Amino acid sequence: MGVDVASAALEQAHAHAEAAGVTDVRFEQADIGGPLDQLGTFEVVLALGVLHHVPDLRTAFARVASLVAEGGHLVLWMYGRHGRAAHMLNQRFLELLTKPGEGSGDREVVARAFLEELGDRFASDSGFYTPRGTGAEGVRWLIDHPAWLADQMFPAYERPVDLEEILALFDAHALTFDHWFGVPEEVALRRCRAAHDWSRWSACCDRPTTSSPAVASDRTVERPP
């Protein structure tokens, strides 16, 4: 099942499924700002690029966690506070360059000029994200795709999180940290130790990690059976 608040996104998902010949999937319109009980529960729940755009993170996380069946898995992808820090400064700088009340078209012009001027310098460790990566190709992707440009450069709401905050949410909902996609196991273990009461996480974090092309901020958690 695919879920989104926007009907346009669901229409696009339907089109992709039909083009790929996928028939055993359905799509539902729902708002994470309200109850999600009507959706049921699932063995695997993916919340990718969602929760850092929700002002009430605790409530939204509780609603997502309620969708995970006993023994199931929750996969998160969220902006990290430290990795996103430089990009947040760029976002703030663009706010200063635009006048209050300017429309999205005016802001896009300023953002596009900003990226074209900086080019590779913008791509260097800035913390932005695109389907084409975070290098020069990613910068060009932003320039050529207005929706992505708006999402990355002047989102309506965005609040990156840190590992300690995520682990606290897991703890509050009886979720056990399983592994961190794309991050070497020794690095994940060290970060867990620094961010939380290690005695509560060592047994789970000692499990071998699986290789994945996912970005480093992905995490998988497991609800105990």
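Visitor: Which residue pairs with R132 in a salt bridge, and at what N to O distance?
Guide: This is a predicted model. Side chains of opposite charge can pair when their charged atoms come close. Here the partner is E137, and the N to O distance is 4.0 Å.

Visitor: Is E137 buried or exposed?
Guide: Exposed requires over 50% relative accessible area. E137 has 53%, so the residue counts as exposed. R132 has 40% relative accessibility and therefore counts as partly exposed. For E137, the answer is exposed.

Visitor: How many residues apart are R84 and E158?
Guide: The side chains of R84 and E158 form a salt bridge, 2.9 Å from N to O. R84 sits in the loop between β4 and α3, while E158 sits in the loop between α7 and α8. The pair thus links distant parts of the chain, and the separation is 74 residues.

Visitor: Are R84 and E158 buried or exposed?
Guide: The cut-off for buried is under 20% relative accessible area. R84 and E158 both fall in that class: buried.

Visitor: Which residues are linked with R81 in a network of salt bridges?
Guide: The protein has 8 salt bridges in total. One network contains R81.

Visitor: What is the handedness of the crossover from β3 to β4?
Guide: Strands β3 and β4 run parallel, joined by 6 bridges. V45 has L74 in β4 as its bridge partner. Between the strands, the chain passes through helix α2, residues 57-65, and this β-α-β crossover is right-handed.

Conventions: Residues numbered from 1 in each chain as written. Predicted model: local features only at pLDDT ≥ 70, side-chain atom pairs only at ≥ 80, totals over all residues. Heavy atoms only, no water. Pairing = 2+ DSSP bridges. Helix = DSSP H or I, 4+ residues; strand = E, 2+ residues; numbered from the N terminus. Right-handed = clockwise from strand over helix to strand, strands pointing away. Buried < 20%, exposed > 50% of the residue type's maximum accessible area, 1.4 Å probe, protein only.
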